[in-house]
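Please open the model in your viewer and keep the selection tool at hand. The stops below follow one another, each with something to select and a note on what is found there.

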Amino acid sequence: NIWIGGPKVFVFNKQTHQITPVDSVIHCLGFALQGEYMWVATRYQGLCKIHCRSGKTEAVYSYKLKTPDFPNGELSLVYVDRKGHLWLSFEQGGFCRFDEKSKKVQLYGPNDGLACNCVRSIQEEESGDMVIGTSKGIFRYVAAANMFVQLNLDEKTTDLLLIAQQPIVYVFWNNQRTRLF
């Protein structure tokens, strides 16, 4: 199936060519597949966990609900790593790793080497390290050290987006002198 997000969420069944709305979710900003579940980052509802086959919303997590203790703001990105952790970015700033089983939220910021917590994109490497595109540059998350290292092209590089199509990662950036799109 193909999940389609925007003001509403739909699922396109490739076999039957039917489009089915997912009525419980609105204002989708991103998807991440984890086993039988689709995680949906939404503007107003927070993080929604939807069973792929039934389309039923199994859980909703949001700063408004105070469970778990997410940063304030609207969720803008969700990513699932190989260990099953959810990585979340929030529009007003805030980046965290969420373990659904324990409900533990680990916030990341300058003390962890992440100078900008407005994350736009994530790509995990085979090592478990991740390349993070932010509004202030590229960072590498070093999993073994649980910290970030900045990898900017130069100090003026901003608005980075990573698009991965293994084995190639495309990087788009904007700075005062150069634009690559």
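Begin by selecting Y141 and F148, both of which are buried, a term that stands for under 20% relative accessible area, with exposed meaning over 50% and partly exposed lying in between (1.4 Å probe, protein chains only). This is a predicted model, in which local features need pLDDT of at least 70 and side-chain atom pairs count only at pLDDT 80 or more, while totals for chains, interfaces and linings use all residues. Residues are numbered from 1 along each chain as its sequence is written, and side-chain values use heavy atoms, with hydrogens and water left out.

Stay next in the loop between β14 (137-142) and β15 (147-150), and select N146; strands here are DSSP runs of E of at least two residues, and helices are runs of H or I of at least four, numbered from the N terminus. N146 is not a glycine, yet it has a positive phi of about 50°. Most residues other than glycine have a negative phi. With a relative accessible area of 29%, N146 is partly exposed.

Now move to H27, in the loop between β3 (18-26) and β4 (28-34). H27, again not a glycine, has a positive phi of about 55°, and its relative accessibility of 29% makes it partly exposed.

For the aromatic side chains, rings of Phe, Tyr and Trp (its six-membered ring) pair if their centres lie within 6.5 Å, and planes under 30 degrees apart count as stacked, over 60 as edge-to-face and the rest as tilted. By this rule there are 13 aromatic pairs. Select W3 and F31, whose ring centres are 6.0 Å apart with planes at 65°, so that the pair is edge-to-face. This pair links distant parts of the chain, since W3 lies in strand β1 (residues 2-4) and F31 in strand β4, 28 residues apart. W3 is buried at a relative accessible area of 13%, whereas F31, at 27%, is partly exposed. Returning to Y141 and F148, their rings form a tilted pair, 5.0 Å centre to centre with 50° between the planes.

Then select W39, Y61, F70, F90 and F98 together, which ring pairs link into a cluster.

Finally, show the whole protein chain, which has zero helices and 18 strands, and in which buried residues make up 43% of the 181 residues.
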